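This briefing covers a protein model, topic by topic. Please keep the sequence and structure open while reading.

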Amino acid sequence: MLNHDDLRRWRACTRRFWLHRRGEHAAAVPCATGKVHAVATDASAEAAVIHGPGIDAALRASFPGAQVIAAPNTPAEWNAAMQHTLDCLGSDRVAPEGWAILGACLTSEDRAQVRIDVLSCGERGLRLFKVRYATVGDEADVDAVALWTHVAARCGLRVQHVGLLLVDTDFIYPGHGCYAGLFREVDLAPVLGSRPVAAWLTAMRDCARGPQPPASPGLHCTQSGGCEFIHDCQACTQTASALPPAPLASLEVVGRALAAELREEGHVDLHSVALPRFSNTRHRRAVRAIQQGRPVLDPEVAALMQALPYPRHSLRLDTIGFAVPVWAGTRPYQVLPFQWTCDVQSAAGDCARHAFLADGVGDPRRVFALTLLQALGSTGPVFAYNAGFERNRLRELAQHFDDLAPALEAVLPRIVDLFQLARAHYYHPVMAGSWSFKSISRAVAPELLLDSLDEIQAPSAQAAFACSLQPGLDTLTRQQLRTALLTHGQRQTEVLRRMLAVFDGAPHFLD
Ligand code: SF4
């Protein structure tokens, strides 16, 4: 049997399809175990998108009279699911308003097996949809719909309409599970004709029976969550690997254009380039750090830091944008804050740690704002990294809560962007030309790089938070996820405090 995952792999890379058909695929770890997901698998591409815990409810609300056919896992379950599908389709009853089959299972005589997201009723036949929790579809979606349409036709079904159901970003969730209107339809009929599905199925079978296709490295190896066989291909070809990590002294540290000039001049890395070659102060500082093998900090930073009073606040925020909104009054993909962490240092050297993590019950923004204002107080600088993000979230909260706006807006001028300070005055060789939070963490607090989210194999705080909201999740797993998120926040503010210590000129950070 061939299915739409086979088609997706074959269309992306025949070798990937071939390896998968030979059973050499990796296994995913399901969310409910507390491990959000494991290695790069096909599932991870979808899981990386934060759909939100309401996706089942959203689809059912759009088709209130739907028959839901659970995903089959064994041949016996497939047979039962196909029989269930045929029973639903064969009923003589007039389809009521909102009738549909969610997860219709069909097999064609040319041995293609499909599970169709939505089959509903039109005036002249069936309406077939693929559901995509995204604002746009892609070529793989059109391929899948083409295959489903092919199988439905081979099974004798009259399909009147084919399309995608995409998330409508104008939708505002009114609450109480009312998701009707979340999806918008996109008609795929005009583009399906160019897809020769029958010929594809024949070619896929020939491929599966043939010899192992050679590795053909390219963008397809890393797109949509990455290929599960990337390590196999790296082993059999030098060029199959994604770009190797940039060496610390790579010419690219000073930018691609300048790197090209330096290469023309005969340099292979930055060790051989004389400092006067660089007119840009930032480049000169970086190259000096690389050539000395230790960090460089401009001495004037200490004076800038000394001018900043106490209490000093180190702040990190986390936000999430669910495809299917969870909280009433919010839209799909709206950026919503769910966690803050703030360390407050006194002039005497004491540090008080504060944090907020939404419990998932109701829109957390007001409690988020109130508790944050309390932690920030009314005086003292607020340090953040790439602070435009924090400023924008505070502005959004001020726009949403008129009564809190004066206090939230009063925080804005207190924000000090450590990214700007780092970029203008600091370089450590391990940063390899990057000023991302991860790179600067590697420089100032390498022992904090192993995040609590890594320990639960969560790819991001957003994924861990979304997982913690899953209905039916057991209490222990939910608590593990929340603990990991709180620890993650604390480690991030710890990195900010290490940065402050560096900029204050703490000598041991510069050895
Ligand atoms: S790593 Fe790339 S070349 Fe290798 S199987 Fe996967 S997609 Fe194909």
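A residue is called buried when its relative accessible area is under 20%, exposed when that area is over 50%, and partly exposed in between. Tyr-333, at 29% relative accessibility, therefore counts as partly exposed. The model is predicted, and the protein chain in it has 20 helices and 13 strands.

**Overall picture and confidence**

- Of the 511 residues in the protein chain, 48% count as buried.
- When contacts between residues at least 6 apart in sequence are taken, 67% of them join residues at least 24 apart.
- Mean pLDDT for the protein chain is 87, and 89% of its residues reach 70 or more.
- Residues 239-246 have pLDDT under 50 throughout, and the model gives them 8 contacts beyond four places in sequence.
- Residues 507-511 also stay under 50 in pLDDT, with 10 contacts beyond four places in sequence.
- Where pLDDT is low, predicted coordinates should not be read in detail.

**Backbone features**

- Most residues other than glycine have a negative phi, and most peptide bonds are trans.
- Tyr-333 has a positive phi of about 65° although it is not a glycine, and it sits in the loop between β8 and β9 (336-345).
- Ala-432, also not a glycine, has a positive phi of about 50°.
- The loop that holds Ala-432 runs between β13 (426-427) and α17.
- Ala-432 counts as partly exposed because its relative accessibility is 23%, which lies between the limits of 20% and 50%.
- The peptide bond from Tyr-310 to Pro-311 is cis, with omega near 0°.
- Pro-311 belongs to the loop between α12 (300-306) and β8.

**Leu-317 in strand β8**

- Leu-317 lies in strand β8, and its relative accessibility of 5% makes it a buried residue.
- Beyond its neighbours within four places in sequence, Leu-317 is in contact with Gln-339, Trp-340, Phe-368, Leu-372, Phe-389, Glu-390 and Arg-393.
- Leu-317 and Pro-337 are 20 residues apart along the chain, and their C-alpha atoms are separated by 7.0 Å.

**Second largest pocket**

- The volume of the second largest pocket is about 470 Å³.
- This pocket is lined by 22 residues, and those closest to its centre are Phe-437, Lys-438, Asp-451, His-488 and Gln-492.
- Two or more lining residues come from each of β8 (312-320), α14 (388-400), α17 (437-444), α18 (452-455), α19 (461-468) and α20 (475-503).
- The element that gives the most to this lining is α20, with 4 residues.
- By type, the lining of the second largest pocket divides into 10 nonpolar, 5 polar and 7 charged residues.

**Cavity**

- Rolling a probe the size of a water molecule over the atoms shows where empty space is left.
- The count is 1 cavity of 30 Å³ or more, and the largest cavity holds about 100 Å³ of space.
- Its lining has 11 residues, with Cys-13, His-220, Cys-221, Cys-227 and Cys-233 nearest the centre of the largest cavity.
- The lining of the largest cavity consists of 7 nonpolar, 2 polar and 2 charged residues.

**Cysteines**

- The structure has 0 disulfides.
- Cys-88 counts as buried because its relative accessibility is 12%.
- Cys-105 is also buried, with a relative accessible area of 1%.

Conventions
Residues are numbered from 1 along each chain as its sequence is written. This is a predicted model: local features need pLDDT of at least 70, side-chain atom pairs count only at pLDDT 80 or more; totals for chains, interfaces and linings use all residues. Side-chain values use heavy atoms; hydrogens and water are left out. On a 1 Å grid over the protein atoms alone, a cavity is a set of points where a 1.4 Å probe fits but cannot get out, and a pocket is an open set with protein on both sides within 12 Å along at least five of seven lines; lining residues have an atom within 4 Å of a point. Grid points are joined across faces, edges and corners, and a volume is the space filled by probe spheres set on the points. Ala, Val, Leu, Ile, Met, Phe, Trp, Tyr, Cys and Pro count as nonpolar, Asp, Glu, Lys and Arg as charged, and the others, Gly among them, as polar. A disulfide is a pair of cysteine sulfur atoms within 2.5 Å. Buried means under 20% relative accessible area, exposed over 50%, partly exposed in between (1.4 Å probe, protein chains only). pLDDT is the predictor's confidence in each residue, from 0 to 100. Contact means heavy atoms within 4.5 Å.
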